[in-house]
Structure formats: structure tokens, C-alpha cells
Amino acid sequence: MQKTNIVLVGFMGTGKTAVGELLAGQLGKTLVDMDSMIAEREGKSIPRIFAEDGEPRFRALERALVQELAGRTDLVVSTGGGIVLNAANVEDFARSGLVVCLTATAETILERVGDDTNRPLLAVEDKLGKIKELLAVRQSYYDAVPCQLATDGKSPAAVAAEICALYEPADPPDQ
Ligand code: S3P
């Protein structure tokens, strides 16, 4: 299978959505934001899915959507931060695309998502502590992705430009 997809993974607040939007526009690919698609199909927000159906149900919805998207071509996929927790998700995506793990320090992540109420896992008093705790638990999963890109101090446009430089389409468009 040709690897025509670009899949952005990484912790919350590493820029997957903003970078994905830019990349899709620049490369003429179709953008899929997994959280948005799950929320749309379920008819409720991600916090409501967590609250009413539980995290295991959300992870099952993510898993099913990965299997669907990994079979498609010419996508830019912005995943949810927990996608790496199931190694099969990354393996499936890697078969049909370049998987890029965006990284950022806990402090950068807090700056970017601290005021956002759409992230149920960070709906706690001590957000920095929670970010550090989750990062520690997940670090080995993120580190397992071969292609890593640090985003601290970079604009989404700068990150998108770096990914464009990494990405070599199997069939480059005519100049
Ligand atoms: C999650 C990250 C969120 C969303 C859900 C769970 C996680 O996506 O999928 O709240 O487990 O890290 P973003 O990374 O887009 O915030």
C-alpha cells in the first residue's frame, strides 16, 4: 500500500490540529480530525462521551476509526493524544502513511491548553501536575514512534514546514 497519509500523534497541546489544518491545505490532502469526527458521529462532545459512556468506550471508538482511516489514502489525520496507548493504532497508521509524533514540554502544553475545557483528562485543579503525570505514563509510547518533532517555541506554520520537508510523496506533483 502506498504511504500517502500523514498522521500526527502526540500529547494534547502539541499542535496536531493546527498543524494538520495547515498541512492538509499545503499538500492538497483531506484533513481528518479524529476527535471531531468521533464527536460528530456520536452526536456529543468528547467530554460528554467520557462522562456518559466512559473512557473505554471512547478508546473503542478511536480504535474503530483508526482501522477505517488506515485503509484510506491522501489524508492528513490529527489524532487524539491517547491514540498511542494501543500500539496497534500506530502500526495500522504506519502501513499507509508517515506517522509523526509532535512533542512539547509540560510547561508549553499547559500554556497551550490550560484554559481549554474540552479535555476531560485535564479537568482537574493541578493541570501541570496532571500533564506531567500523564506524560510520564505515556512517554515510552510516544518515544516508540520513529519520527519525532519538537514543537516548543515554534508556530504551527513552522512545524508544518518541517513536516513537508520530511514528507516525500511516492508520486510528486508536476513542478
Ligand atoms: C486525549 C486527548 C484528546 C482527546 C481526549 C483524550 C488523551 O485529544 O482525544 O480528550 O487521552 O490524551 P487532543 O490530543 O487533540 O487534545
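1. The largest pocket is lined by 30 residues, and those that lie nearest its centre are Met12, Asp35, Gly80, Gly81 and Arg119. A pocket here is an open set of points on a 1 Å grid over the protein atoms alone, where a 1.4 Å probe fits, with protein on both sides within 12 Å along at least five of seven lines, and lining residues have an atom within 4 Å of a point.

2. Two or more residues of this lining come from each of α1 (16–27), α2 (34–42), α3 (46–53), α4 (55–69) and α6 (106–113), with α2 giving the largest share, four residues. Helices (H or I, at least four residues) and strands (E, at least two) are DSSP runs, numbered from the N terminus.

3. This is a predicted model, in which local features need pLDDT of at least 70 and side-chain atom pairs count only at pLDDT 80 or more, while totals for chains, interfaces and linings use all residues. Residues are numbered from 1 along each chain as its sequence is written, and side-chain values use heavy atoms, without hydrogens and water.

4. The space in the largest pocket comes to about 540 Å³, and its lining divides into ten nonpolar, eleven polar and nine charged residues.

5. The second largest pocket holds about 220 Å³ of space, and of its 14 lining residues Val90, Glu91, Ala144, Val145 and Pro146 are the closest to its centre. By class, this lining has eleven nonpolar, one polar and two charged residues. At least two lining residues come from each of α5 (87–96) and β4 (97–103), and α5 supplies the largest share, four residues.

Note on methods
Points joined across faces, edges and corners; volume = space filled by probe spheres on them. Nonpolar A, V, L, I, M, F, W, Y, C, P; charged D, E, K, R; others polar.
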